[in-house]
Amino acid sequence: MSVIARSVGNALRNKVRTSAVVVILAVAIGLALSMLVANQAVAAKVTSLKASVGNNLTVNPAGARGGIGGGEPLTGGDVAKASAVPHVTSVTGSLTARLSNAAAATDAAAAGTTGAAGGPGGRMGASGTTSLTSAVDPGTLGNRQNSSSGTTTGGTGNAARPSFTIPVSATGISGSLTAAGEAINVTSGSDLNDFSDASTQALVGTTLAEKNSLQVGSTFTVQDRTMTVAGIFDAGTAFDNNAIYVSLAAAQTLLDQAGEISTMTVTVDSIENVDATKTAVAAALGTTRVDVTSGGQNLESAVSSLGTVQNISLIGFIAALITAGLIVLLIMIMVVRERRREIGVLKAIGASNRTIGVQFVLEAMVLVVMGSVVGAVVAAVSSNSIVSALVAGNTTTSTTTGGRFRGTGTGAPQAIGEAAAGGVPGGGNFGGGAFAGANQLIGTISTSVGWQTLVLGVVGILVIAAVGALVPALLTAKVRPIEVLRGE
Amino acid sequence: MLEVRDVVKVFKTGDNTIKPVNGISFTVEQGTFAAILGKSGSGKSTLLSLLGALDKATSGDVVVDGVNISALPDAKLTAYRRDDIGFVFQAYNLIPNLSAKDNVMLPMEFAGLSRAERSSRAAELLVQVGLEEDMHDRKANKLSGGMAQRVSIARALANNPKLILADEPTGNLDDETGELIIDLLRSLSHEKNTTILVVTHDHALAAKTDRKFRLARGRLTEEPVRAAHLH
């Protein structure tokens, strides 16, 4: 009989005790593995969160946001410069313009009342025309802004102004993301797929489509081009739905703004590099030429709360492993004490300390292996609920703090929103809405076991076995062979 | 040949100094079946532990076939116990969850014999000590006292030792079985030319040995053996 077979036999000698030990070990090892799985899952989530949310920078011409303000436009060259900055994974440009209703513009021009100079007067600073009728009525806000800006043109004072319409916002894009770097929520039809300058595809907001009785496949005009509705999108707000998306190249051609870009969205590889990259992009493009904004800082609180979960699970993993190690240690010390006489016999008949030590180490390993197998089952059953318990427990606090951040975060879009109510699409990427999605993102943590988890788990268990078995094995060396004559 | 020269063992318990073995000298020829008689507490077990290298003497020499085991380092003592000594205990001291044969194979495993060699030699030895083959695979804790002691004798013989030390080998057995065990030891000592030293307080056993020593107050004296038992 080999030493291995003898060790297995010894481990199973006292079946009741062995079962009890295996159950206790399984709970400890199962808990350790669950914690490890949680740790890995959260770590993976943190990495993906950092690389996917709150890592956008928005570049606008200095002094301009969308259709208001001044300064020089961005160009394709700026896109190339920004792409070359370290940690930048992608740069997309978009061109936003406001289109007035062609018929209303003609009327206004005929009446000779167009206040074309100085921003939102007359045509509200529109840079093109469309056959579409705006889905937003001017109302009190529109009239007030129209009239107040109208007075600066040195017109006819408080004389009654001709009726006007709120322009339709048109954004030229080169992918399926908005100027703010978010996905366009297409509710019917499909995304744009022809991004050439001859493209006639357009996405139309729901309210705008409704107002103009458009469906997928319907046509309308922008400047002198007939566009076809490829899809209808819902941006969630009446203001944002009073808009169309066309291809960037087509927008540049139609609006006679070749090579110009009103907003660039720069994606950074990780949220940690956002600040440094923000500075680097501004420096690359010229700090006086561009305004660079980032909107994702408040997500750091979500990431850091996940980091807490990661730390808790790591501590839990280590604590559970130490517990398992102590269980093995105590059991084996008990076994060695119980078998002092037998150890004495083995020594008396010629076993070396090493042989006996190896036998006890193997015996402990057998217990650990059995505990691990049962523990793995325990972990498989429990790790998902442990992870969700840990994450749910921690995001309660994160949403509380998140709410506070959110308040300050949405402050900026609100300010812009008021200015924009007159017809200016915000070019900034403000993270209020993005943070609301953080909870959902955290909620999708799944506990899949990767190979690193397995390797770590195996290493941890081996450490348990080593610690648990070495001490008792050393104790056996101290047992003197004369023990065999004790009590005789 | 076993040669013991002026062996002393001193234990200190608190302020008291005990000398269970106090200047013992004797010589036994190879192949002798000898008994050491003594009352309990006379130092029998202590002397046995010194002869079997289970413990070290405070002074004096134990020489087995020219090798002074009192001077050996611990590692060599393990090898000495493995190769040159066989033990038979009163309580058998078999490993309870191993079969009779596995118990006999253990010392050979420690000596590095191959599995096949161990297996065949163990079977052979068990047959020699009178254990039928259907008992070979029985767990040690399921054997009767007499059978267990036979297995323990087979285990003592496993590595062809020069010396077998038996500590009260009949102490846990009924008279009849005890006698069979004594006869077995006696015949083995002669057949295999192995020195067998039996420590006992059983006079019936001692009467069957070639030589007889008496241990009292740490000192050893030889007693004459009745001629009828000499071969």
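## Chain A at a glance

In chain A, 84% of the contacts between residues at least 6 apart in sequence join residues at least 24 apart, a contact being heavy atoms within 4.5 Å. This is a predicted model, where local features need pLDDT of at least 70, side-chain atom pairs count only at pLDDT 80 or more, and totals for chains, interfaces and linings use all residues. Residues are numbered from 1 along each chain as its sequence is written, chains are lettered from A and ligands numbered from 1 in the order in which they are written, and side-chain values use heavy atoms, with hydrogens and water left out.

Chain A has 15 helices and 15 strands; these are DSSP runs (helices H or I, at least four residues; strands E, at least two), numbered from the N terminus. Of its 488 residues, 46% are buried, that is, under 20% relative accessible area with a 1.4 Å probe, protein chains only.

## The nonpolar cores

A nonpolar core is a set of buried Ala, Val, Leu, Ile, Met, Phe, Trp, Tyr and Cys residues joined through side-chain atoms within 4.5 Å. The largest one here has 40 residues, and Leu25(A) and Ile464(A) have the most contacts inside it. The largest share, 10 residues, belongs to α10(A).

Leaving out residues up to four places away in sequence, Leu25(A) touches Gly30(A), Ala324(A), Ile327(A), Val328(A), Leu367(A), Val368(A) and Gly371(A). Another core, of 36 residues, lies apart from the largest one; Leu47(B), Leu48(B), Leu51(B) and Val64(B) are among its members.

## Where A meets B

Here 24 residues of chain A are in contact with 27 residues of chain B. About 2,200 Å² is buried between the two chains, with carbon and sulfur atoms giving 60%; buried area is the accessible area (1.4 Å probe) that two parts lose on being put together, summed over both.

Two salt bridges are counted between the chains, each a side-chain nitrogen of Lys or Arg within 4 Å of a carboxyl oxygen of Asp or Glu. Arg480(A) and Asp55(B) meet in a salt bridge at 3.1 Å, N to O. On the side of chain A that touches chain B, α1 (3-11) and α11 of chain A are the elements giving two or more residues, and α11(A) has the largest share, six residues.

## A helix of chain B

Helix α2 of chain B (residues 74-84) has Leu77(B), Thr78(B), Tyr80(B), Arg81(B) and Asp84(B) as its buried residues. They pack against α11 of chain A, together with α1 (44-51), β4 (59-64), β6 (85-88) and β7 (163-167) of chain B.

Key
Buried < 20%, exposed > 50% of the residue type's maximum accessible area, 1.4 Å probe, protein only.
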